[in-house]
Amino acid sequence: MSKPSQIVDTHQHAFWTLRDDAGLVADMDDHGIAYAWLLTWEITPDEMNMSETIALNPANTRLDGTNRGVILADLIRARDRYPDRFVLGYCPDPRVGNAPDLLRAAVSMYDVKVCGEWKYRMLLDDPRCLELFRVAGELDLPVVLHLDVPYLPGKAGESEYQKNWFGGTVENLERALLACPETHFIGHAPGFWREICGEADVEPDVFPDGSVAEGGRLYELFDRHSNLYADLSAGSGLGALQRDPGHADRFLERFQDRLLFGRDCYGQELHDFLQSREVPQTVVEKIYHQNAQRLVKGIVTPKARLSSSFPPITPQVKISQRLIESY
Ligand SMILES: [Zn+2]
């Protein structure tokens with residue numbers, strides 16, 4: 001594969017996995033990455049997996065030892081220190097407070113451009129999620145989804161509960177795609193990528209290996225829903241390609257308008273794999289940066305932001321101003 005003219009990392013976090021924002025920028029420089037989408041990952045106390053403590057920011061530890069995760073305040077700090085290297089993402093927990101209004105306020109105040117990472121132990125097509133996703137669509141924010149299935153087939157054919165599930169299955173995903181046709185969804189994580197293969201229903205591993213059988217449900221999903229995209233980040237995205245390189249070539253070409261380069265951490269394993277394959281230059285440019293730029297316009301300098309993005313003075317704003325003036 002030839003080299004891309006630009007690399008955009010569409011799945012990244014900051015202040016995690018033992019590096020601060022300067023450490024992330026140094027890593028991006030090492031790997032030729034122009035800029036990255038920074039995504040939050042909010043963790044409730046009961047959804048905390050304590051083995052992940054080492055990957056999280058100790059400054060966000062609660063008194064019970066659980067961690068708030070990758071929070072918006074950290075990402076704002078990173079973006080404001082490196083405004084030409086980061087696009088801001090944020091996905092509030094749909095179960096608490098008023099998530100759609102939190103998203104609206106974050107867009108208006110902090111120029112959030114992506115709704116992500118959605119990673120919660122609830123079904124993707126729960127009405128509280130759909131309300132949030134619809135508002136994301138209205139604000140023209142793509143939604144980045146983490147999917148881990150609640151059940152996997154055991155070795156003896158029985159179904160085994162997975163306590164660290166998120167979102168449900170591709171059936172839940174499809175219902176969300178149908179319910180929110182104006183919203184762009186970006187699939188990610190093991191529960192999504194296992195469906196590249198027609199044998200997902202009998203595959204016991206979280207990270208399946210081996211050749212990709214025909215009939216994967218991802219094919220139908222991409223074909224039926226033009227609002228579905230996917231990022232190739234993390235071990236799940238890379239693994240789905242690496243398990244069958246010949247299939248990967250065909251998949252990259254077929255869904256060249258829907259796939260996004262992303263890492264979810266540091267290093268360049270995905271880049272190394274992609275570079276080892278033969279696909280046309282037009283496909284390379286789409287996957288490495290053009291598809292991302294189609295979904296999110298890219299870096300907006302703080303100066304341009306000041307002149308363009310504040311909301312007009314609506315009756316609602318006037319009422320809240322009057323409320324404040326009366327204190
Ligand atoms: Zn992530």
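1. In what order do the five strands of the open sheet run, and is their pairing parallel or antiparallel? This is a predicted model, and in it the order is β6-β7-β10-β11-β12, with the strands pairing in parallel. The edges are held by β6 (115-118) and β12 (259-260), each of which has a single partner strand, so one side of each is left without a neighbour in the sheet.

2. A closer look inside that sheet: strand β7 (residues 143-145) pairs in the parallel sense with strand β10 (residues 185-187) over two bridges. Here V143 sits opposite F185 of β10.

3. V143 also turns up in the packing. The largest nonpolar core contains 87 residues, and L38, V114 and V143 are those with the most contacts inside it. V114 is worth a click: leaving aside neighbours within four places in sequence, it is in contact with W37, L39, V87, G89, L141, P142, V144 and V296.

4. Now for the whole chain. The secondary structure of the protein amounts to 13 helices and twelve strands. Its radius of gyration is 20 Å, close to the 20 Å that the globule rule gives for 327 residues, so the protein is as compact as a globular protein of that length. The C-alpha trace spans about 65 × 45 × 40 Å along its principal axes.

5. Finally, burial and contact range. Of the 327 residues, 43% count as buried. Among contacts between residues at least 6 apart in sequence, 77% join residues at least 24 apart.

Definitions and conventions: Residues numbered from 1 in each chain as written. Predicted model: local features only at pLDDT ≥ 70, side-chain atom pairs only at ≥ 80, totals over all residues. Helix = DSSP H or I, 4+ residues; strand = E, 2+ residues; numbered from the N terminus. Rg over C-alpha atoms; globule rule 2.2 N^0.38 Å. Buried ≥ 20, exposed ≤ 12 C-beta atoms within 10 Å, placed from the backbone. Contact = placed C-beta atoms within 7 Å. Pairing = 2+ DSSP bridges. Core = buried A, V, L, I, M, F, W, Y, C linked by C-beta atoms within 7 Å.
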